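Please look over the sequence and the structure shown here before reading on. The notes below are meant for a reader who is meeting them for the first time.

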Amino acid sequence: MHRRAFLSLAAAGGAALALPPVALARSGPPQLERLNTDPTRIIRTVAGLRPFRAAGYVVRAERFSRRQTLVHHYGHGGAGVTMSWGTAAEAVQALETATSERSCAVIGCGVIGLTTGLELVRRGHEVTIYAEALPPYTTSNIAGAYWGIAGLYRRTDVDEPFMARMGVAALRSHRAFQHLANDPRYGVYWVQAFDLFTRPPADPMGAPDMPWLYPGFRRRTGPDAWWGYEGVDQFHQLMIDPDIYLRALMAEFEGAGGRIRMARFETARDLSRLRERVIVNCTGLGARALFGDEALEPVRGQLTILLPQPGIDYAYTTSFEGGSLYMFPRRGAIVLGGSHGRGNWSTDIDLADQDRMLRGHSELAMRIAQGV
Ligand SMILES: Cc1cc2nc3c(=O)[nH]c(=O)nc-3n(C[C@H](O)[C@H](O)[C@H](O)COP(=O)(O)OP(=O)(O)OC[C@H]3O[C@@H](n4cnc5c(N)ncnc54)[C@H](O)[C@@H]3O)c2cc1C
């Protein structure tokens, strides 16, 4: 994130301005419960396709037919849950700027369709969600889902206006999740998080530039770092359990008068037969076939889910064997992830990748247990 963009955001939002990193006295690592990576603890391994656009997510309104307005809202890559409230607000604003019609068809019932639908019903629109797949069978259910702006765009493909817009959406979304963390129905909670690195991250997503997104942020490098890494970023972050969360969103949407219908649309033309005057395209990766957006591509990710383990209440991300590794704790499971297959459409399970993850997490668990 560009420092200037974030400083102006901070000023606009009344958030505390970034402070220079504080020099810390050397302190030993926290005593953390050792993760048990024994293969007998595996519940399942799943693969999903992140809807990635190097040039960033799309929010745009256009005339669709003489009768209908179309609002696009898709392409959130590896950060759809993270960004959902912020970009839904952008989509609602684009819609209300383009038309005063109140009857809306939202296409898609992943986190983007549900959040957009909910924002619309809250503002008095009459909304029906149409989707081929409903939770728990969407990509959104596969998500980690850790609050973090990773895999949302490629830095060389986006401009400063996009970064500024994205920054506003990120802040707005983080704020929305903070409120949800106070209500146990949503499956949103704070965890202690660690980014472990051998080289400081090039794109300082966890940098002190934006402390309000990473409360308690501390960077330790060189001799001050722990567990054999060159650097450790420590902070608190929000975790979202997608199964609980999406079910809660559906209940809230229907409770507020929204309707959900199962339907598959083969072509964009099929949408013109809907009676609604506004169509909101929240089809994720489906937008590629439906609207011919070839800039949208899959980034395959595989997760291995372990039985829950008492005491595992921290998350980490790191690199391993040329790829990455992450571990996220849930109330009912432990999520092991870290694969990114750009352009890979397969959702078959890759057992070699599962082995790589178990090996990497087990090595890291040993380092953490040694406590140096
Ligand atoms: C392994 C993995 C880990 C991830 N981890 C994280 C994370 O830690 N944090 C984070 O924020 N994000 C994470 N993500 C990314 C996140 O899952 C996505 O960005 C998000 O789910 C996109 O949501 P969506 O609603 O756009 O798409 P989807 O959840 O795919 O929903 C699309 C909806 O559109 C419907 N649809 C599509 N085409 C049609 C059609 N032609 N007709 C009718 N309906 C249609 C589908 O049936 C579905 O209901 C991860 C993703 C993966 C795969």
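This is a predicted model: local features need pLDDT of at least 70, side-chain atom pairs count only at pLDDT 80 or more; totals for chains, interfaces and linings use all residues.

**Confidence**
- Over residues 1-23 the pLDDT stays under 50, and for this stretch the model has 34 contacts beyond four places in sequence.

**Around the ligand**
- The ligand is surrounded by 42 residues, of which Gly-80, Gly-110, Gly-284, Gly-286 and Gly-301 are the closest.
- Two or more residues of this shell come from each of strand 1 (42-53), helix 2 (80-98), helix 3 (111-122), helix 4 (139-142) and strand 11 (296-306), and strand 1 gives the largest share, four residues.
- Sorted by class, the shell holds 21 nonpolar, 18 polar and three charged residues.

**Nonpolar cores**
- The largest nonpolar core has 74 residues, and those with the most contacts inside it are Val-106, Ile-107, Ile-240, Val-280, Ala-315 and Met-327.
- Apart from that core lies another, of twelve residues, including Leu-152, Ala-169, Leu-213 and Phe-217.
- Leaving aside residues up to four places away in sequence, Met-327 touches Leu-35, Ala-315, Tyr-316, Ile-334, Val-335, Leu-336 and His-361.

**Helix 5**
- Helix 5 (residues 160-180) has 21 residues and should span 30 Å at 1.5 Å a residue, which agrees with its end C-alpha atoms being 30 Å apart.
- Buried residues in helix 5 include Met-166, Gly-167, Ala-169, Ala-170, Leu-171, Ser-173, His-174 and Phe-177.

Technical notes
Residues are numbered from 1 along each chain as its sequence is written. A residue is near a molecule or strand if its C-beta atom, placed from the backbone, lies within 6 Å of it. Ala, Val, Leu, Ile, Met, Phe, Trp, Tyr, Cys and Pro count as nonpolar, Asp, Glu, Lys and Arg as charged, and the others, Gly among them, as polar. A nonpolar core is a set of buried Ala, Val, Leu, Ile, Met, Phe, Trp, Tyr and Cys residues joined through C-beta atoms within 7 Å. A residue is buried if 20 or more other C-beta atoms lie within 10 Å of its own, exposed if 12 or fewer, and partly exposed in between; C-beta atoms are placed from the backbone. Two residues are in contact if their C-beta atoms, placed from the backbone, lie within 7 Å. pLDDT is the predictor's confidence in each residue, from 0 to 100. The expected span of a helix is 1.5 Å times one less than its number of residues.
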